[in-house]
Amino acid sequence: MSPKLLEYNLTRLIIIGGFFIVGLFGAKLIAATYYQKMFYQFSEPTRAMEVDFREQIEAEKDPYKLCTLGNSFLKSEKTDLALLSFQKATTLDPKYRDAWTLRGYAELKTNQPQEAVNSLKKAESIDPIYPRTYELLAIAYNQTGDSDAAKKAEEKYQYLTKNSQ
């Protein structure tokens, strides 16, 4: 093969490779633009729905309905809305054990272990023999680094579940 023919073929390969690279980046750019446009279109109704949920929580005056609503939010992984529901429920009825327990659970899910400990301690003061409170307290104490308190909460949980069966 002559050097001119080799140079000609090599030049053609470089040009063809350049077209493929430009085409690839062009396709990525078009796809990114399309994705951004679609994301914006679909996120707008989601934001509007979240505003509606927040208004519904704000308007609700029944702590039991708020806890039911909060549980629905937990199941659909809308933990921030669930926490908002449980916070309102505990404000409306400070003696509602389940609202405090669920609030503590939602605080754990939103990485607020110290707030969870505070909420779960309130649930414990309302009902000191409810096992779920101690199960969650053990987790919360572990997350705050208080292993002694976590061990005590776990022991109480084991004691209460053993005696309830």
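Biologist: What makes the pairing of glutamate 50 with arginine 54 a salt bridge?

Modeller: In this predicted model, the closest N and O atoms of glutamate 50 and arginine 54 are 3.2 Å apart. Because the definition asks for a side-chain nitrogen of Lys or Arg within 4 Å of a carboxyl oxygen of Asp or Glu, the pair counts as a salt bridge. Glutamate 50 and arginine 54 are four residues apart in helix H1 (residues 3–59), and therefore they are separated by about one helical turn.

Biologist: Why are glutamate 50 and arginine 54 called partly exposed?

Modeller: The relative accessible area of glutamate 50 is 28%, and that of arginine 54 is 34%. Because buried means under 20% and exposed means over 50%, with partly exposed in between, glutamate 50 is partly exposed, and arginine 54 is partly exposed as well.

Biologist: Which residues are linked with Glu50 in a network of salt bridges?

Modeller: The network links Glu50 with Arg54 and Asp80, and a search of the whole structure finds seven salt bridges.

Biologist: Is glutamate 124 buried or exposed, and why?

Modeller: Glutamate 124 has a relative accessibility of 18%, and because buried means under 20%, glutamate 124 is classed as buried. Its side chain meets that of lysine 121 in a salt bridge, at 2.8 Å from N to O, and lysine 121, at 37%, counts as partly exposed. Both residues lie in helix H5, three residues apart, which is about one turn of the helix.

Biologist: Why is serine 119 called buried?

Modeller: Serine 119, in helix H5 (residues 113–126), has 3% relative accessibility, which is set against a limit of under 20%, and so serine 119 counts as buried. With neighbours within four places in sequence left aside, serine 119 is in contact with Trp100, Arg103, Gly104 and Glu107.

Biologist: How do you know that the buried residues of H2 line one face of the helix?

Modeller: The buried residues in H2 are Pro63, Leu66, Cys67, Leu69, Gly70, Phe73 and Leu74. Seen down the axis of H2, these buried residues fall within an arc of 165°, and so they line one face. The face turned away from that buried side carries the exposed residues Thr68 and Lys75.

Biologist: What span does helix H2 reach, and what is expected?

Modeller: Helix H2 (residues 63–75) has 13 residues and reaches 18 Å from its first C-alpha to its last, close to the 18 Å expected at 1.5 Å a residue. At the start of H2, a side-chain oxygen of aspartate 62 comes to within 3.0 Å of the backbone nitrogen of tyrosine 64.

Biologist: Why is glutamate 77 called exposed?

Modeller: Glutamate 77 has 57% relative accessibility, and because exposed means over 50%, glutamate 77 counts as exposed. This residue is found in the loop between H2 and helix H3 (79–92), and its phi is positive, near 60°. The C-alpha atoms of glutamate 77 and lysine 109, 32 residues apart along the chain, are separated by 9.6 Å.

Biologist: What makes the meeting of glutamate 135 and arginine 132 a salt bridge?

Modeller: The N to O value for their side chains is 2.9 Å, and because the limit is within 4 Å, glutamate 135 and arginine 132 are assigned a salt bridge. They are three residues apart in helix H6 (residues 131–144), and so about one helical turn separates them. Glutamate 135, at 26%, is partly exposed, and arginine 132, at 31%, also counts as partly exposed.

Definitions and conventions: Residues are numbered from 1 along each chain as its sequence is written. This is a predicted model: local features need pLDDT of at least 70, side-chain atom pairs count only at pLDDT 80 or more; totals for chains, interfaces and linings use all residues. Side-chain values use heavy atoms; hydrogens and water are left out. Helices (H or I, at least four residues) and strands (E, at least two) are DSSP runs, numbered from the N terminus. Buried means under 20% relative accessible area, exposed over 50%, partly exposed in between (1.4 Å probe, protein chains only). Contact means heavy atoms within 4.5 Å. The expected span of a helix is 1.5 Å times one less than its number of residues. The arc is that of the directions from the helix axis to the C-beta atoms. A polar contact is a pair of N or O atoms within 3.5 Å; within protein, one must be able to donate a hydrogen and the other to accept it, and residues adjacent in sequence count only if both atoms are side-chain atoms.
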